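Subject: Model handover

Hello,

The model we spoke about is below. My notes on it follow; please read them next to the coordinates.

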Amino acid sequence: MVFLRFAWAVPALRAPAREAAGTAKVQAEDFHDQIRPGLIAHLPRLKRFADVVVGERAGATALLRRALNVMLAEQHRYRRDRALDAWAFAEIYATWLAEVSDAEDPEAQQSIAEGSLAALIGRDADWETVRFLAGLPVEHRLMLLLVYGEGFDYAEAGRVLDISADMIAARLIRISAAFADRLCAARRRKRTAGAEAVDRSNLS
Amino acid sequence: MTELSDELLVAYVDGRLARKQSSAVEKVLEQDDVLAKRVKALKDAHNRLEAAFDAILAGEELEVGGPEPERAGVFVPWAAAAKTALAGIGLAAAFALMVLGYGWPLSVEDFTRTSFGSGDPEYTGSIEPSWQETAARAQGLLSRETLEVGLESQSNLDLVALELGKAIGPSLKIPALDTQGYRFERGQLLRAGDQPLAQLLYLGRSGGPLALFARKGGDGEAPTFRRYGGVGSVAWSEDGISYLLAGEGDEPALMTLAKAIRSLPQPGAPRDASDGARP
């Protein structure tokens with residue numbers, strides 16, 4: 001019986017929120033039993049979320065572990081009308097916020113090292129993106145992750161971060177425009193440097 | 001130029017406009033180069049962010065998905081099980097374990113261990129290491145012997161030859177490169193892991209220092225040029241010693257210097273008067 005329930009419940013729990021939104025998820029009486037396998041199925045994505053919060057692998061693993069403990073201990077708070085992944089993201093963020101508010105210098109907890117972030121991204125990273133992301137506050141990084149990485153709509157992303165969809169939209173426009181400007185400026189600098197090098201070699 | 005706000009353009013790039021609105025924007029873009037460039041820049045920004053997040057996820061899937069499949073708590077078999085309608089007695093048993101609460105703790109432990117246990121990931125290519133990483137790696141080159149020899153002794157070529165020859169081997173070449181335009185400044189003993197590593201430093205008329213590193217090992221490898229960021233290098237080995245010449249020079253300049261060093265006679269061998277390198 002348990003076995004059969006798992007068969008139809010897990011795909012719904014595993015689906016990204018954008019696919020799962022609006023669909024019936026778990027209808028069994030003891031649906032909370034599905035949270036564990038659901039969370040396990042989401043682990044890589046949850047870990048990425050923690051990575052983007054903390055900015056380095058070991059700290060993110062520790063944060064995720066603490067948040068998972070909270071989620072399992074308080075799984076009765078999970079409501080079946082909410083996508084499990086979105087709930088889990090919100091729980092990780094809430095865990096981090098609670099810890100940061102207790103820290104001596106909460107502002108310092110926002111910044112992440114470019115090198116660590118680059119290591120997380122790996123070989124596919126480009127330096128402009130790394131610098132840009134590392135310079136953003138956590139909430140903005142997560143906004144980008146949820147919308148561009150997870151494909152959440154603004155309302156879902158807003159629910160995770162506990163801000164309105166309008167706020168998400170407005171900030172995303174500002175952040176996207178700033179990043180585009182920055183990339184253009186970097187390209188201009190490169191072109192100028194190249195032209196100067198050619199001028200120098202012609203003079204010499 | 002048509003006035004289209006960043007708000008609309010970002011929504012267009014993010015695919016959040018209705019089909020009719022998208023078509024209208026596309027028509028405007030066909031006729032307006034400035035706006036088309038702006039959209040291109042926004043798309044580039046969007047793509048880079050997506051690529052960065054995808055890369056992090058790929059790394060985590062590798063990390064989290066790596067544990068041995070025979071462990072009951074590992075999640076990968078569960079995903080496969082869902083896809084194959086959970087057929088098989090072994091999977092049923094594993095699921096029962098998970099429901100009973102055994103699988104989950106195992107999963108978390110495995111996940112934590114593999115993630116903490118990851119090594120220092122390489123990130124080369126376009127990614128520059130932080131100054132902290134560069135400095136920490138440089139610190140790893142220093143040994144006790146590095147500081148036990150006084151600076152004065154480090155600039156005496158004969159003393160350096162004696163000291164480094166003892167650590168690296170009698171066939172170590174300590175070239176003077178005055179005829180190539182580089183003045184010997186000092187030599188010191190570093191370490192590469194638990195192996196001694198000799199470093200000879202030279203200065204040209206301008207620019208940064210030129211360094212010749214040497215350590216035991218290697219057998220007759222031909223000189224090969226490689227660039228690490230702004231530093232060019234030529235590596236080769238001869239007579240059981242591996243050399244690395246590193247500096248700001250370009251490939252031809254460094255290869256010429258390497259050739260000059262390679263052409264030097266072995267220490268103790270009869271010297272050829274035509275060799276301009278070793279005094």
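Strand 3 (residues 210–216) and strand 6 (residues 241–247) of chain B pair in the antiparallel sense over 6 bridges. Strands here are DSSP runs of E with at least two residues, helices are runs of H or I with at least four, and both are numbered from the N terminus. Two strands count as paired if DSSP finds at least two bridges between them. Within this pair, Ala211(B) has Ala246(B) of strand 6 as its bridge partner, and Ala214(B) has Tyr243(B) of strand 6.

This is a predicted model, in which local features need pLDDT of at least 70 and side-chain atom pairs count only at pLDDT 80 or more, while totals for chains, interfaces and linings use all residues. Residues are numbered from 1 along each chain as its sequence is written, and chains are lettered from A and ligands numbered from 1 in the order in which they are written.

Chain B: the sheet

Strand 6 of chain B is also joined to strand 5 of chain B, by 7 bridges, and these two run antiparallel. One of the pairs involved is Ala235(B) with Leu244(B) in strand 6. Strands 5 and 6 of chain B form a hairpin with 2 residues between them, and Asp239(B) in the turn has a positive phi of about 50°. Of the 7 residues of strand 6 of chain B, 5 are buried, so this strand is largely enclosed by the rest of the structure. A residue is called buried if 20 or more other C-beta atoms lie within 10 Å of its own, exposed if 12 or fewer, and partly exposed in between, with C-beta atoms placed from the backbone.

Which order do the strands take? The open sheet in chain B has 6 strands in the order 1-2-3-6-5-4, with antiparallel pairing. Strand 1 (183–192) and strand 4 (224–228) of chain B are at the edges, each with a single partner strand, so one side of each has no neighbour in the sheet. On average, neighbouring strands of this sheet are turned by 20° against each other, direction ignored. Axes are lines fitted to C-alpha atoms, for helices over the stretch in contact, and angles run from 0 to 180 degrees between N-to-C directions.

Helix 10 (residues 157–168) of chain B packs on the sheet and touches strand 1, strand 2 (195–203), strand 3 and strand 6 of chain B; its direction makes about 20° with that of strand 1 of chain B. Helix 11 (residues 251–262) of chain B packs on the sheet too, touching strand 4, strand 5 (231–238) and strand 6 of chain B, and its direction makes about 25° with that of strand 5 of chain B. Contact means that the C-beta atoms of two residues, placed from the backbone, lie within 7 Å.

Leu203(B) is in strand 2 of chain B. With 15 other C-beta atoms within 10 Å, Leu203(B) is partly exposed. Not counting residues up to four places away in sequence, Leu203(B) touches Tyr182(B), Arg183(B), Glu185(B) and Pro209(B). The C-alpha atoms of Leu203(B) and Leu177(B) are separated by 9.6 Å, the two residues being 26 residues apart along the chain.

Chain A: the helices

The axes of helix 4 (residues 57–73) and helix 5 (residues 84–102) of chain A come within 9 Å and cross at roughly 115°. The two are therefore roughly perpendicular to each other; the classes are roughly parallel under 35 degrees, roughly antiparallel over 145, roughly perpendicular from 65 to 115, and oblique for the rest. Residues of helix 4 of chain A in this contact include Leu63(A), Arg66(A) and Met71(A), and those of helix 5 of chain A include Glu91(A) and Trp96(A).

Helix 8 (residues 138–149) and helix 9 (residues 154–161) of chain A pack at about 140°, with axes 10 Å apart. Helix 8 and helix 9 of chain A are therefore oblique to each other.

In helix 6 (residues 114–121) of chain A, 8 of the 8 residues are buried. Just after helix 6 of chain A, Gly122(A) takes a positive phi of about 85°.

His42(A) is in helix 3 (residues 35–54) of chain A. His42(A) is buried, with 20 other C-beta atoms within 10 Å. The C-alpha atoms of His42(A) and Asp85(A), 43 residues apart along the chain, are separated by 6.8 Å.

Regards
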